[in-house]
Structures are given as C-alpha cells and as structure tokens.
Amino acid sequence: MQATAFTFDPATRAGSVLLDDGTPVPFDAAAFEAGGLRLLRPGQRVRIRTEGTGDTRHVVFVTLQTFPDPADA
C-alpha cells in the first residue's frame with residue numbers, strides 16, 4: 001500500500017502517514033525501523049503495511065516507495 005509521510009519526529013522515530021483518501025494513520029519507532037530508514041520528510045511517498053481497522057489501524061512497516069518490502073519476497 002502507498003501513502004504520503006505526514007509527520008515524523010526524529011527523536012522518537014514515530015509519526016503518521018496520510019492514505020490517498022486523506023486518512024491519517026500513525027506509526028511507531030518499530031514500524032519506522034522495520035523499513036530500514038534513517039530519516040523521513042513530510043510529503044515523501046512511502047510504502048506501508050498496516051494492521052487493525054478503524055481507530056485501531058496503525059502502520060507496522062514504512063519505507064520509501066522505491067525500497068522493497070521483505071513481506072513480498
């Protein structure tokens with residue numbers, strides 16, 4: 001799934017993305033680190049995996065759109 005980076009705090013390594021319909025979905029440091037990134041800028045297109053539905057939906061993997069997702073291998 002694709003999204004756009006919305007917020008990112010380098011100190012906590014957590015933030016949120018916006019889905020293409022404008023829905024914000026949070027991610028924590030574990031999701032950020034799973035993608036192998038060092039920094040994320042708001043506005044960047046990213047590849048994500050989510051879990052949960054509704055208010056419990058959250059990102060479990062976030063990386064740049066051009067980077068592979070190990071789950072696809």
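Colleague: Which side chain does R49 meet in a salt bridge?
Modeller: A salt bridge puts a side-chain nitrogen of Lys or Arg within 4 Å of a carboxyl oxygen of Asp or Glu. Here the N to O distance is 2.9 Å, and the partner of R49 is D69.

Colleague: What should I know about the model and its numbering?
Modeller: This is a predicted model, where local features need pLDDT of at least 70 and side-chain atom pairs count only at pLDDT 80 or more, while totals for chains, interfaces and linings use all residues. Side-chain values use heavy atoms, leaving out hydrogens and water, and residues are numbered along each chain, as its sequence is written, from 1.

Colleague: How many residues apart in sequence are the parts that R49 and D69 tie together?
Modeller: Strands (E, at least two residues) and helices (H or I, at least four) are DSSP runs numbered from the N terminus. The side chains of R49 and D69 meet in a salt bridge. R49 lies in strand 4 and D69 in the segment after strand 5, so the parts this pair ties together are apart in sequence by 20 residues.

Colleague: Is D69 buried or exposed?
Modeller: Buried means under 20% relative accessible area, exposed over 50%, and partly exposed in between (1.4 Å probe, protein chains only). R49 is partly exposed, at 31%. D69 has a relative accessible area of 7%, so D69 is buried.

Colleague: Which backbone nitrogen does the side chain of D69 reach?
Modeller: Contact means heavy atoms within 4.5 Å. Leaving aside neighbours within four places in sequence, D69 is in contact with R47, R49 and F61. At 2.9 Å, the D69 side chain also reaches the backbone nitrogen of A71.

Colleague: How many bridges join strand 4 and strand 5?
Modeller: Two strands pair if DSSP finds at least two bridges between them. Strand 4 (residues 45–51) and strand 5 (residues 58–64) run in the antiparallel sense, with R47 opposite T63. Their pairing has bridges numbering six.

Colleague: Which residue does R45 meet in a salt bridge?
Modeller: R45 is partly exposed, with a relative accessible area of 29%. The side chain of R45 forms a salt bridge at 2.9 Å (N to O) with D20.

Note on methods: Polar contact = N/O pair within 3.5 Å; in protein donor to acceptor, adjacent residues only side chain to side chain.
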